Every structure is written in C-alpha cells, then in structure tokens.
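Subject: Structure handover

Hello,

Here is the structure I promised to pass on. Please open it first, then read the notes below.

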Amino acid sequence: MTIYGRSDIDSISIGDADHTHERKKGDGNITITCAFCEPRLINDPMWSSNPREIPLTPDEVHDIEDAQNNISRFEAMRIAEDARAAADMLRGDTPKARGSAR
Ligand SMILES: [Zn+2]
C-alpha cells in the first residue's frame, strides 16, 4: 500500500531520525510505501491512503473557497443578466446587441 501526504510536506521522520522519507524533486505530493510508517500515518489528518482524498493545505482550502465564491458571483451575474433579457423580451423590447458600435 502507498500513502500520500499533503502538498506542503517535504519529508517525514518517524521514530529515530535515521528513518526518513523525502519528497522526490519534481514529484507532486510526497508518497510513502513503507510497512513501518504507513500504519503510523494512516490516521494522521495530513495523510491519506487514497490519492483522490489527499488532505488540502490551509492555503489550498482558501484558494478553493475563493474560486467557489468567484463562481457563485459569476453565476449570480449571469442569472441576473438572463432575467433582465427575459424581462425585456416580455415587454417586447429588442435585446441589446452586444458589442455593436453606436
Ligand atoms: Zn518509513
């Protein structure tokens, strides 16, 4: 089995300092396949045995929240724009042409 660490983990030492795992340069998250360390890290909130469920760093969580907020704002603006266009159509107004010169 292999376990996967959060992206901000570069190395880990368990027990005596001689037993260390490091992230390989150029790799993404640190991965460990080690019968000694796996049972000790499997319930650690910074590690996961599932590569699709690697815990996020606080920065990554923040970035995702920002992105979700931006998506929500964009979606709300689009819905408001559609509602205005629908209201214009119901009144019989011609929808404003976008980008046309006046
Ligand atoms: Zn180990």
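Predicted model: local features only at pLDDT ≥ 70, side-chain atom pairs only at ≥ 80, totals over all residues.

Start with the sheet. It is open, has 3 strands in the order S4-S1-S5, and its pairing is antiparallel. S4 and strand S5 (47-48) are the edge strands, since each pairs on one side only. Strand S1 covers residues 3-5 and is joined to S5 by 2 bridges, with the two strands running antiparallel.

**Overall layout**

The protein has 2 helices and 5 strands. Along the sequence they follow the pattern β-β-β-β-α-β-α. There are two domains: domain 1 takes in 3-53, and domain 2 takes in 56-94. Their C-alpha centres are 39 Å apart.

The overall dimensions are worth a look. Along its principal axes, the C-alpha trace spans about 75 × 25 × 20 Å. The radius of gyration is 25 Å, whereas a compact globule of 102 residues would have one near 13 Å. Of the 102 residues, 9% count as buried. Take the contacts with a separation of 6 or more: 50% of them come from residues 24 or more positions apart.

**The core**

Which residues make up the largest nonpolar core? There are 6 in all: Ile 3, Tyr 4, Ile 30, Ile 32, Trp 47 and Ile 54.

Leaving out residues up to four places away in sequence, Ile 3 touches Ile 32, Glu 38, Leu 41, Ile 42, Trp 47, Ser 48 and Ser 49.

**Helix H2**

Next, go to helix H2, residues 58-91. Its 34 residues, at 1.5 Å a residue, should span 50 Å. The end C-alpha atoms are 49 Å apart, which agrees.

Is H2 buried or in the open? The number of buried residues among its 34 is 0, so H2 lies largely in the open. Gly 92 follows H2 and has a positive phi, near 85°.

Thr 31 lies in strand S4, residues 31-32. Thr 31 and Ser 11 are 20 residues apart in sequence, and their C-alpha atoms are 9.8 Å apart in space.

Gly 28 sits in the loop between strand S3 (20-22) and S4. Gly 28 counts as exposed, because it has 11 C-beta neighbours inside 10 Å. Gly 28 and Thr 2 are 26 residues apart along the chain, and 14 Å separates their C-alpha atoms.

**To recap**

S4, S1 and S5 form the open sheet. Ile 3 belongs to the largest nonpolar core. H2 lies largely in the open.

Best wishes

Note on methods:
Residues numbered from 1 in each chain as written. Core = buried A, V, L, I, M, F, W, Y, C linked by C-beta atoms within 7 Å. Buried ≥ 20, exposed ≤ 12 C-beta atoms within 10 Å, placed from the backbone. Contact = placed C-beta atoms within 7 Å. Domains from an automatic or database assignment. Helix = DSSP H or I, 4+ residues; strand = E, 2+ residues; numbered from the N terminus. Expected span 1.5 Å × (residues − 1). Rg over C-alpha atoms; globule rule 2.2 N^0.38 Å. Pairing = 2+ DSSP bridges.
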